[in-house]
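Please keep the sequence and the coordinates at hand while reading.

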Amino acid sequence: MRAHAYSLGMIETLGLPALIAAADAAAKAADVKVVTYEGADAGIVTVYVIGDVSSVQAAVDAGADAARRVGRLLHSHVIPRPDENVPKMIKNLISPAEKKEETPTLPHTVSGLADQSINDLRKLARSYADFPLSPQEIGTAKKEELVRLLEEKQKGGGEQER
């Protein structure tokens with residue numbers, strides 16, 4: 001198996017503020033590319049950086065320190081030259097441009113809203129310029145409330161931003 005010339009760094013935090021601080025510090029500390037981040041349940045989020053081995057190590061160290069200061073660092077790790085199968089496994093992290101962001105569309109029936117995930121409902125609510133909740137309130141709203149407000153938008157014909 002061949003190894004890739006780049007290095008992959010990962011910083012896992014509890015909460016988004018610590019992650020943003022980690023990504024910012026990592027990007028400023030060395031010549032790396034912050035590729036993407038992903039969230040898991042219970043507020044666990046991970047940011048991924050790529051670059052040459054020494055740059056990624058310096059970036060991950062700086063990002064981990066920033067995450068500790070701002071919030072809670074869970075883990076950090078650097079894979080110096082990952083095997084060629086690793087990028088295949090995490091292809092969407094290495095080539096995010098290839099992965100299209102799916103924007104939920106307003107279903108034709110009101111009952112279709114209740115069948116959508118809470119994340120899709122939140123994305124849909126944020127797509128409205130005049131939605132009655134702020135982005136922060138959308139992030140904490142319960143599914144039933146979002147469904148009710150989106151149904152009102154559907155009946156009222158609110159304008160979506162695209």
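Strand S3 (residues 44-51) has seven of its eight residues buried, so the strand is largely enclosed by the rest of the structure. Buried here means under 20% relative accessible area, exposed means over 50%, and partly exposed lies in between, with a 1.4 Å probe and protein chains only. Strands (E, at least two residues) and helices (H or I, at least four) are DSSP runs numbered from the N terminus. The model is predicted, so local features need pLDDT of at least 70 and side-chain atom pairs count only at pLDDT 80 or more, while totals for chains, interfaces and linings use all residues. Residues are numbered from 1 along each chain as its sequence is written, and side-chain values use heavy atoms, with hydrogens and water left out.

Two strands count as paired if DSSP finds at least two bridges between them.

On one side, S3 pairs with strand S1 (residues 7-14) over eight antiparallel bridges, and Leu14 is placed opposite Ile44 of S3. S3 also pairs with strand S2 (residues 33-39), in the antiparallel sense and over six bridges. Here Tyr37 stands opposite Val47, and Glu38 has Thr46 as its bridge partner. The hairpin of S2 and S3 has four residues between the strands, and Ala42 in this hairpin takes a positive phi near 65 degrees. S1 in turn pairs with S4 over seven antiparallel bridges, where Leu8 has Ile79 as its bridge partner.

Thr46 gives a residue-level view of S3. Its relative accessibility is 10%, so Thr46 counts as buried. Leaving out residues up to four places away in sequence, Thr46 touches Met10, Ile11, Glu12, Leu19, Thr36, Tyr37 and Glu38, where contact means heavy atoms within 4.5 Å.

Next come the helices. The axes of helix H1 (residues 16-29) and helix H2 (residues 53-70) come within 7 Å and cross at roughly 150 degrees. Axes are lines fitted to C-alpha atoms, for helices over the stretch in contact, and angles run from 0 to 180 degrees between N-to-C directions. The contact involves Pro17, Ala18, Ala21, Ala22, Ala25, Ala26 and Ala29 of H1, together with Ala58, Ala59, Ala62, Gly63, Ala66, Ala67 and Val70 of H2. These residues divide into 13 nonpolar, one polar and no charged. Nonpolar covers Ala, Val, Leu, Ile, Met, Phe, Trp, Tyr, Cys and Pro, charged covers Asp, Glu, Lys and Arg, and the others, Gly among them, are polar.

How far does the predictor's confidence extend? The chain averages a pLDDT of 81, and 78% of the residues score at least 70; pLDDT is the predictor's confidence in each residue, from 0 to 100. Over residues 96-111 pLDDT stays under 50, and the model has 27 contacts beyond four places in sequence for these residues.
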